[in-house]
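Here is a short report on one protein. It starts with the whole chain and ends with a single residue.

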Amino acid sequence: MELKQISPYCYEIPKSGAMNVPGRVFMSGRMAEGLPEEEALKQVANVATLPGILKASMAMPDMHWGYGFPIGGVAAFDWDTGVISPGGVGYDINCGVRLAGTGLEEKEVRPVLDRLVETLFQNIPSGVGSTGSVRLSAKEVMKVLREGGRWAVRQGLGSPSDVDRTEDGGCMAEADPSVISERALQRGTKQLGTLGSGNHFLEVGVVDEIFDKATARTFGLFQNQVTVMLHSGSRGLGYQVCDDSLAFMARHVKTLGIQLPDRQLACAMIRSEAGRRYFAAMACAANYAWANRQILLHRARETFQQVLGIGPRDLAMHQVYDICHNIAKREEHTVDGKPRTVCVHRKGATRAFPPGHPAICEAYRKVGQPILIPGDMGTASYVMAGTQTAMDESFGSTCHGAGRVLSRTAAKKRSRGRAIHRELADKGILVKWTGRSTLAEEMPDAYKDIDEVVDAVHGAGLSKKVARLRPICVIKG
C-alpha cells in the first residue's frame with residue numbers, strides 16, 4: 001500500500017477509492033522501512049471509508065492487525081452524521097493501565113522480592129476465567145456498571161484521590177445497565193478484582209530515568225522509586241457486551257445501505273437507537289473495568305503492607321493515574337478551525353490531553369494528562385504527558401504500548417527450547433504466571449521496541465517523555 005511521508009514522524013495513505021479521508025500513520029522512518037503491517041495498513045484505509053469520519057483514519061507506531069480497526073487505531077466521527085463501531089473499540093472494553101507510586105526505593109524491596117511476587121500472585125487472581133474475592137449479586141453488578149471506580153471506593157477499596165486521578169473520574173455517565181444482556185451480567189458477578197490472562201499483568205517497577213523533572217515531581221515520581229503498574233480490563237462482562245453488540249450490528253448495518261469493505265466494521269449511526277444502545281452498553285463495561293482496576297490496586301496496597309510489615313503512611317502508595325484504551329468517547333475538538341462534537345474511537349490508543357484541559361484533574365492540569373505506556377515484561381515502561389500537538393493532530397491521542405510484532409503462535413514457536421523465566425531472572429526480573437503458554441506468548445521478542453515506539457510519539461509531539469520504569473517483578477495471567 002502506498003505510503004507518503006508528510007513529516008518526520010507521519011506517513012499518509014492517500015485518499016483513494018471509497019475512502020472519505022486519507023489514512024495517517026505516526027512512526028519513525030526506520031519503522032516505516034521495515035513495516036510488516038500491510039494488513040494493518042489496509043485496515044487504516046478501510047476505516048477511512050466509514051460515514052462521518054473526520055480529518056483522517058489514524059494509527060500509532062504500536063499498530064498491528066486487529067478486529068475491523070487496527071490495534072493502535074484512532075478515528076473521530078461527527079456526532080450528528082457519523083457512526084459508532086464495536087470493532088473500533090474492541091472486545092476488551094476499557095482495557096487500561098493504572099500506575100501507583102510508593103515512598104519506597106528498590107533497595108528496600110529487593111530483600112523481600114521473592115516473597116512479594118509470590119504473595120501478589122496469591123492475592124490477585126489471574127488467568128482465563130479467574131474469579132475474585134468480590135462476589136456480587138446481579139443487583140450489585142448493576143450498581144458497579146453505573147458507578148465504576150466510585151462504587152469500589154464506597155466499599156472501602158481505595159480512596160477518593162484514586163477516583164480523582166482516574167480518566168473520567170472512573171465513571172462514564174452515559175452507562176445504562178438496562179441494555180446489558182443477562183449473560184453479560186452473569187459473567188460480571190464473579191470476575192471483579194481479577195487480572196485476566198494474556199497481555200494483562202501486574203508489574204512492580206523502579207523509576208530508572210527521569211526526562212522531565214518538574215512534571216515527574218508533579219506526578220509524584222522520583223529516581224529509584226518503586227512503582228506498581230496494572231494492565232487489565234472489563235473481563236468477561238466486556239467481552240460479552242462486545243459479542244452481543246457485534247451480533248446485532250452485523251444485522252443492523254445491512255439496513256443502512258452502507259457498503260463496508262470489511263464486515264468487521266459493522267456499525268450504527270451514533271445518534272440512532274442502535275448507536276445509543278451500544279454506547280450505553282460500552283460505558284457500562286468501561287465502568288466495570290475501572291472498578292476492577294480499583295480493586296486490584298487496593299489488593300496490591302494491602303499485599304505490600306503485609307509483606308513489608310509497614311503501614312499505609314510508610315508505604316505511601318499513591319495513584320499516579322488510570323488511563324484507558326479500547327474506548328469511544330464523546331469529546332469536543334477543533335476541526336478545520338471550527339469546534340465539533342465528535343465520537344473518538346481509540347482502539348489500542350490512549351488519550352493525551354494537553355495542559356489546561358478541563359478534563360484533567362486539578363493536580364495535573366498545569367502539566368498535562370499523565371499517559372502510561374507499558375512495554376514488554378523484559379525491558380521498560382514509560383510515563384508521558386499530553387500535548388497540544390496531540391489535540392491538533394490526533395484528536396488528543398497517542399500510543400498505548402509496545403504493540404505486538406509476533407502473533408501468539410509465532411511467539412510460541414520462537415520460544416521453543418528456551419526458559420523465558422530464567423532469561424528474565426538473569427535480568428533481575430522475577431515472574432509468575434498462570435497459563436501454560438502465557439510466558440511463551442508474551443515473551444519480550446513478541447513486542448516492538450518500546451523505546452522506538454515512545455521516541456516516535458515523542459518526536460511527533462503527540463506526547464512527551466516524563467519517566468522510564470524498569471520492571472523487577474511481573475505477574476502474568
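Contact means heavy atoms within 4.5 Å. Take the contacts in the protein with a separation of 6 or more: residues 24 or more positions apart account for 78% of them.

This is a predicted model, where local features need pLDDT of at least 70 and side-chain atom pairs count only at pLDDT 80 or more, while totals for chains, interfaces and linings use all residues. Residues are numbered from 1 along each chain as its sequence is written, and side-chain values use heavy atoms, without hydrogens and water.

The protein has 17 helices and 19 strands (DSSP runs numbered from the N terminus; helices are H or I with at least four residues, strands E with at least two). The radius of gyration is 21 Å, close to the 23 Å that the globule rule gives for 477 residues, so the protein is as compact as a globular protein of that length. Both values rest on set terms: the radius is taken over C-alpha atoms, and the rule is 2.2 Å times the number of residues to the power 0.38.

Buried residues make up 62% of the 477 residues. Buried means under 20% relative accessible area, with a 1.4 Å probe and protein chains only.

Now to one residue. Arg468 is found in strand E19, residues 463-476. Arg468 is buried. Its contacts beyond four places in sequence include Val206, Asp208, Phe211 and Asp451.

| Item | Value |
|---|---|
| Arg468, relative accessible area | 18% |
| Arg468 to Thr334, C-alpha to C-alpha | 32 Å |

Technical notes. Buried means under 20% relative accessible area, exposed over 50%, partly exposed in between (1.4 Å probe, protein chains only).
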